[in-house]
Amino acid sequence: MRRPCDFRAHVAGLLAFMALAAGMKCGLPGAVPPAERTNITIEGVSVPFGFAVLDWPSARVMAELVDILLSELIGLNTAVAGVYNSSFDATYALAGCTDPTNFGGALERGCGSRFSRAHVALEVWETTEDEDMLQ
């Protein structure tokens with residue numbers, strides 16, 4: 001299984017090629033420098049904006065593109081909060097469950113906290129597991 005940083009290198013390479021072809025130096029024009037980016041604050045805790053990345057190519061591309069837009073254009077610090085094989089697990093991560101990939105219900109997945117380091121999951125698909133989540 002690929003690690004998320006492997007895919008990030010491919011996207012970065014593509015963006016670098018596009019930047020060279022367009023005559024840009026590095027990054028998006030007018031990008032917020034990393035030292036000037038800020039965290040978000042949730043219930044008094046300052047954290048980077050977290051992605052629950054779904055582990056299929058189109059979802060990883062989407063997460064990478066949104067990451068670039070949020071960090072370089074808006075100026076947020078971003079982080080991968082986790083990589084998940086199913087939308088079902090990513091939804092538990094967004095809900096703040098401490099073990100979102102553990103098989104079972106909310107108790108087994110460590111749910112109950114109102115705090116989550118994952119704030120968005122992109123390209124989430126409805127599955128047959130959705131019925132289980134409602135219970």
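Are Arg60 and Asp55, two residues of this chain, buried or exposed? Arg60 is buried, and Asp55 is buried as well, where buried means under 20% relative accessible area, exposed means over 50%, and partly exposed lies in between (1.4 Å probe, protein chains only).

## The model and its conventions

This is a predicted model, in which local features need pLDDT of at least 70 and side-chain atom pairs count only at pLDDT 80 or more, while totals for chains, interfaces and linings use all residues. Residues are numbered from 1 along each chain as its sequence is written, and side-chain values use heavy atoms, with hydrogens and water left out.

## Overall layout

The protein contains four helices and four strands, and these elements are DSSP runs numbered from the N terminus (helices are H or I with at least four residues, strands are E with at least two). Along the sequence they follow the pattern α-β-β-β-α-β-α-α.

Of the 135 residues of the protein, 32% count as buried. The accessible surface comes to about 8,400 Å², and 61% of this belongs to carbon and sulfur atoms; such areas come from the Shrake-Rupley method with a 1.4 Å probe, and for residues only the protein chains shown count as cover. Among the contacts with a separation of 6 or more, 69% are made by residues 24 or more positions apart, a contact being heavy atoms within 4.5 Å.

## A parallel strand pair

Strand 3 (residues 49-54) and strand 4 (residues 78-84) pair in the parallel sense over six bridges, and two strands are said to pair if DSSP finds at least two bridges between them. Within this arrangement, Gly50 stands opposite Ala79 in strand 4. Between the two strands the chain passes through helix 2 (residues 57-74), and this β-α-β crossover is right-handed. The word right-handed here means that, with the strands pointing away from the viewer, the path from the first strand over the helix to the second runs clockwise.

Helix 3 (residues 87-94) is largely enclosed by the rest of the structure, because six of its eight residues are buried. These buried residues are Ser87, Phe88, Asp89, Ala90, Tyr92 and Ala93. Just after helix 3, Gly96 takes a positive phi of about 95 degrees.

The structure holds one disulfide, a term for a pair of cysteine sulfur atoms within 2.5 Å. This disulfide joins Cys97 to Cys111, with an S to S distance of 1.8 Å, and the link is right-handed, with 100 degrees about the S-S bond. Both Cys97 and Cys111 belong to the loop between helix 3 and helix 4 (130-133), where they are 14 residues apart. Cys97 counts as buried because its relative accessibility is 7%, whereas Cys111, at 29%, counts as partly exposed.

## Three salt bridges

Side chains of opposite charge can pair when their charged atoms come close. A salt bridge is counted when a side-chain nitrogen of Lys or Arg lies within 4 Å of a carboxyl oxygen of Asp or Glu, and by this rule there are three salt bridges. Arg60 forms one of them with Asp55, the closest N and O atoms being 3.5 Å apart. Another joins Arg109 to Asp89, with the closest N and O atoms 2.9 Å apart; here Arg109 lies in the loop between helix 3 and helix 4 and Asp89 in helix 3, 20 residues apart. Arg109 has a relative accessible area of 3% and is therefore buried, and Asp89, with 12%, is buried too.

Arg114 forms a salt bridge with Glu43, the closest N and O atoms being 2.8 Å apart. Because Arg114 lies in the loop between helix 3 and helix 4 and Glu43 in the loop between strand 1 (40-42) and strand 2 (45-47), the pair ties together parts that are 71 residues apart in sequence. Both Arg114 and Glu43 are exposed.

## Residues with a positive phi

Most residues other than glycine have a negative phi. Glu43, however, has a positive phi of about 50 degrees although it is not a glycine, and this residue counts as exposed because its relative accessibility is 53%. Glu123 also has a positive phi, near 60 degrees, and is a residue other than glycine. Glu123 lies in the loop between helix 3 and helix 4 and, with a relative accessible area of 26%, is partly exposed.
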